[in-house]
Amino acid sequence: MEILVCVRRVPDTSENEIQLNSAGNDIERDDLVYSVNEWDNYAVEEAIQIVDRVGGNVTVATVGGEDDEEILRREMAMGAKHGVLISDEAFNGSDGRGYATILAAFVKKGKYDLVLTGVQAEAGEAQVGGMMAAMLDYPFASLVNSIEVLDGKLKVSREIEGGNKEMNEIDLPCVLSIQTGINEPRYVGIRGIRQVASVEIPSYGASDLGLDASVIGEAAAKVKRVDYFVPAMTKGAEMLQGDREEIAGKVVDLIKAKGGLK
Amino acid sequence: MARIFTYIIHKGGAVDDSAAELAVAARKIDASASPTAIVAGYGAELDAICDSLRAAYGEVWKLSNEALSYPNAELVRKALIKVLPAGSIVLVPHDHFGLDLSPGLAIKMNSPFVSDAVNIEGIEGTYLKLVRQEFGGQVSCHVRCDISSGAVINIRPGAFKAAENTPASGTVVDKSAEVGALAAGRRYLETVASEAGDVDITKHDVLVSIGRGIQEQENVAIAQELADAIGGAVSCSRPVVDAKWLDKSRQVGSSGKTVKPKVYLACGISGSFQHLAGIKGNPFIIAINKNPKAPIFQVADVGIVDDLLELLPELTNKVRETVKVK
């Protein structure tokens, strides 16, 4: 099975405290630590496990710039055979639909049986996979947390409310958005990354993909972020101050007062 | 002004809370709007569902089709494309169904998509200004969406408060005949219920709930000791389950369990809306987090900025002392 996984390099929220910049219109972007989007990493692991079971190849692709090559190499070190950088100045300022248009054009150039994305990235929009599927007229399933390969189709489960699973059969080729927890992504060491350090990563631009400037980039974007802000504080929590022992005493008193400790 | 539609989620004959919330969101886009509710499904229950929406909506469109017996997003999308006028604004709850339906619906309607809106500021010319959150709720942003060719907007469940019910004056319009035959490349098979775990977190008065801040599997024991001392249970947020440190049955949230404890100790939990959706019954929330900007502090009653790995053992000691004194 030929599997394409669309990945993205994002500020790592477990490593960074996201704050507004001094002008208050953007987040503070200096000194951010970046890594591969957590959901995407699960998607790559899932693709590798599928190929281990039924054969085929995993390709990872990202829309971005030279800085984004590092995550392609990281995912290649995990076991993805090919990495592709989709890069063009004309892509700058694209909205979700723009990114989906770019990726759908790339999918059409290849012959993929299965296209995976993460459920969402740092903006929590959860849109590119579903849009791409509609553009390609492929079936789509979001929030996928297990995949079984059948003949010409897959059996997938979706994570729905209350921890229940919605089982579906889906025809290939299709697009799936992968939920965290579907597997345990393997560890990638420095050595693994070194082994793929010299593998060539081809780059595709707008003209390679036959993309017209009217459907991508800032001019085509109908959804735009205006600014970042911190919402007016609601009442918020009463913050307990003092040394640790003092605080612990207060907390235990509160648990007791609220009927949690008899 | 474009006509505004809302997609109604219903299950087992009952209308989801989001139905009334979307009516309020629609009127925030346009105060004079008379939004239309769309009810897709099949069977005798549909009429009662449509009828119950006549209070919040001026018009209710019924799409009855055997293929829609289960809400398969691809089939629903195809049905909607057949009935929706071009340029419509469609509001959908941002839940597991909205995630499945809306991005593709926007493409097929050739209109923009705004995901997971938490507020609506109003219209400025051909633009609709909305509020979203990014980075797990750590920052908010304003988004501008060009609605001149309509829009599909996913609304966060719970973000809008349902209005007081007005008299049921809306009319139900049966649009089923316009839907026709439906087929999809994805077929619903069955729903598999979550497995019961060793501990039922829905039955405890005190939950020591842990998140990413617990850092390592070995540290779960620190939370367990505190829970044992209090006589409560350990629950968690999604990253702890993803890491396989605790069983899925311990997860609190929209994709986990809904809990109603008296006291909820949120330890190293940032407080995503999916997690908070699982905490009901207005418990007393005590939040412990190293990050003073963690969204959990917005909803907690009491907050402590500290390392839970240091504070929890201290709490355990205090609880043991208190219990002993008694």
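In the predicted model, B:S237 touches B:I210, B:G211, B:R212, B:Q251, B:I269 and B:H275 when residues up to four places away in sequence are not counted. The place of B:S237 is in the loop of chain B between strand β15 (233-236) and helix α7 (238-242). Because the relative accessibility of B:S237 is 7%, under the limit of 20%, this serine counts as buried.

The residues B:K108 and B:R77 are 31 residues apart along the chain, and their C-alpha atoms are separated by 8.5 Å.

The contact between the two chains takes 84 residues from chain B and 81 residues from chain A. About 7,400 Å² is buried between chain B and chain A, and 55% of this area is on carbon and sulfur atoms. On the side of chain B, the residues that lose the most area to chain A are B:H96, B:F135 and B:R186, which together account for 10% of what that side buries.

One pair of helices from the two chains can be described in detail. The axes of helix α7 (residues 244-257) of chain A and helix α10 (residues 308-325) of chain B come within 9 Å of each other and cross at roughly 55°. Helices α7(A) and α10(B) are therefore oblique to each other, and α7(A) passes α10(B) in a right-handed crossing. From α7(A), the contact is made by A:R244, A:E245, A:I247, A:A248, A:G249, A:V251, A:V252 and A:K256, and from α10(B) by B:E310, B:L311, B:E314, B:L315, B:K318, B:V319 and B:T322. By class, the residues of this contact divide into seven nonpolar, six charged and two polar.

Chain A itself contains seven helices and 13 strands, and its C-alpha atoms fill a box of roughly 65 × 45 × 40 Å along the principal axes. Of the 262 residues of chain A, 52% count as buried. Among contacts in chain A between residues at least 6 apart in sequence, 69% join residues at least 24 apart.

Within chain A, helix α2 (residues 69-78) has as its buried residues A:I71, A:L72, A:R73, A:E75, A:M76 and A:M78. These buried residues of α2(A) pack against the strands β2 (9-11), β3 (34-36), β4 (57-63) and β5 (82-86) of chain A, as well as against helix α1 (38-54). Helix α2(A) is followed by A:G79, the phi of which is positive, near 140°.

Conventions. Residues are numbered from 1 along each chain as its sequence is written. Chains are lettered from A and ligands numbered from 1 in the order in which they are written. This is a predicted model: local features need pLDDT of at least 70, side-chain atom pairs count only at pLDDT 80 or more; totals for chains, interfaces and linings use all residues. Side-chain values use heavy atoms; hydrogens and water are left out. Axes are lines fitted to C-alpha atoms, for helices over the stretch in contact, and angles run from 0 to 180 degrees between N-to-C directions. Helices (H or I, at least four residues) and strands (E, at least two) are DSSP runs, numbered from the N terminus. Angles under 35 degrees count as roughly parallel, over 145 as roughly antiparallel, 65 to 115 as roughly perpendicular and the rest as oblique. A crossing is left-handed if the near helix is turned anticlockwise from the far one by less than a right angle, and right-handed if clockwise. Contact means heavy atoms within 4.5 Å. Ala, Val, Leu, Ile, Met, Phe, Trp, Tyr, Cys and Pro count as nonpolar, Asp, Glu, Lys and Arg as charged, and the others, Gly among them, as polar. Buried means under 20% relative accessible area, exposed over 50%, partly exposed in between (1.4 Å probe, protein chains only). Buried area is the accessible area (1.4 Å probe) that two parts lose on being put together, summed over both.
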